[in-house]
Amino acid sequence: MSIIAQHGEIFIILACLFGFFMAWGVGANDVANAMGTSVGSRAITIKQAIIIAVIFEFLGAWLAGGEVTNTIRKGIIDPEMLQEDPQLLVYGMLAALLAAATWLLIASMKGWPVSTTHSIVGAIVGFSVAGLGASAVDWGAVGQIAASWIVSPLLAGTIAFTLFKSVQHLIFEANDPFAAAKRYVPMYVFLVGFAVTMVTLTKGLKHVGLDLGFGASLLLSILAGLLVSALGGFMERRVQASSRKTDQFGFSGVERVFGVLMIFTACAMAFAHGSNDVANAVGPLAAVISVVQTGGEIEAAALVPWWVLVLGGGGIVVGLVTYGRKVIATVGTGITELTPSRGFAATLAAAVTVVLASGTGLPISTTHTLVGAVLGVGLARGMAALNLRVIGTIAMSWLITLPAGAGLAILFFFTFKGMFG
């Protein structure tokens, strides 16, 4: 009787427990990044941020989380190497989940915004090299993922810089900034609705049985954008003008209009984050379930079961509610001073970047993307606006993450191998 048949139920129970722990870590560390700009710019309170995140993170994970999960599940290791010993994949994925979750717990306690994607990819590479040898790792796939870690902050930073400059030009430099804000803000709200709907429809909904063509998706996305834009327009009508200057750029009434807009970008960011980062928790979990249920088949094309995405979404929510505050403080107030207009530009840029990556199946780091976007907004105001000491600490925690994930995974891999092997 094979080890997988003998201990199958134990493996699935452990995978669910570790998957939930990992999702908890994603919630405690990463969701804080998604919400940090909104809370830091005082557009919404911590309580409101948690309510928004609970709803939209869960929806993003459940509706659009399937595509990236496949990359994490079977894009990193060469399946051929595991045909003779499928239980090694089970030990490895369990070790990767536990290792990444442990590192996220440490980072969240310190208030470091680290990358959950780095943590899990580092852990998977670590156990592969230790247990199967360096040739088992698909270094091409790892290279692609690593490249996305550099590209995503640059892309998000550039989009944020451009967005904030457009806001400055169209609104803050206008003769009547408040009237200009009321005129142009619905256009920015449209962008939020369109971008998120487009990628959700084109890439995310296959596993719930909805597979629309490009044309239908485009039409529905434009409609969703217009709908969200109308809602934004209705909400901003209730904002009154005020000529009291809040900073050297503009008027508090204008910033209050952007405060309304931040509610939409916070929802978009939470959705985008749920769709991309739930894979970090449920990708390895899906791999274990697939191997156990097929009796050791590695290449079995298993769809991620719906309840696995629900488990991941639930874990993310619990993590945010119990431990999210520390990292929110670092991202929201540590890097640069944020007002609603700056926070909006950063969050929309990050959401667009993450949603694009989700659509192409690249597991990018939401953390790197958002920090890149906040830096872009800071740079639009000159180097003096940035807190270089905080940025240095964040960079250091990013560098440690890969080796920390890999080292812990190797340790846990040999522990599981000893226990069951």
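The protein exposes about 16,100 Å², and carbon and sulfur atoms supply 68% of it; areas follow the Shrake-Rupley method with a 1.4 Å probe, with only the protein chains shown counting as cover for residues. This is a predicted model, in which local features need pLDDT of at least 70 and side-chain atom pairs pLDDT 80 or more, while totals for chains, interfaces and linings use all residues. Residues are numbered from 1 along each chain as its sequence is written, and side-chain values use heavy atoms, without hydrogens and water.

**View 1. Overall fold: 14 helices and 0 strands.** Helices are DSSP runs of H or I with at least four residues, strands are E runs of at least two, and numbering starts at the N terminus. Of the 421 residues, 59% count as buried (buried is under 20% relative accessible area, exposed over 50%, partly exposed in between; 1.4 Å probe, protein chains only). Among contacts with a separation of 6 or more, 84% join residues 24 or more positions apart (contact means heavy atoms within 4.5 Å).

**View 2. Helix H6 (residues 139-172) against helix H13 (residues 366-379).** Their axes come within 7 Å and cross at roughly 35°. Axes are lines fitted to C-alpha atoms over the stretch in contact, and angles run from 0 to 180 degrees between N-to-C directions. The crossing is right-handed, that is, the near helix is turned clockwise from the far one by less than a right angle. H6 contributes residues including Trp149, Pro153, Phe161 and Phe164; H13 contributes residues including His368, Gly372, Val377 and Leu379. The contact holds 9 nonpolar, 6 polar and no charged residues. Ala, Val, Leu, Ile, Met, Phe, Trp, Tyr, Cys and Pro count as nonpolar, Asp, Glu, Lys and Arg as charged, and the others, Gly among them, as polar.

**View 3. Ser152 in helix H6.** Ser152 counts as buried because its relative accessibility is 3%. Beyond its neighbours within four places in sequence, Ser152 touches Thr353, Ile364, Ser365 and Thr369. Ser152 and Thr369 also belong to the H6 and H13 contact.

**View 4. Ile328 in helix H11 (residues 325-334).** Ile328 counts as buried because its relative accessibility is 5%.

**View 5. Helix H4 (residues 86-110).** H4 reaches 37 Å from first to last C-alpha, close to the expected 36 Å (1.5 Å times one less than the number of residues). H4 is mostly covered, with 20 of its 25 residues buried. Gly111 follows H4 with a positive phi, near 80°.
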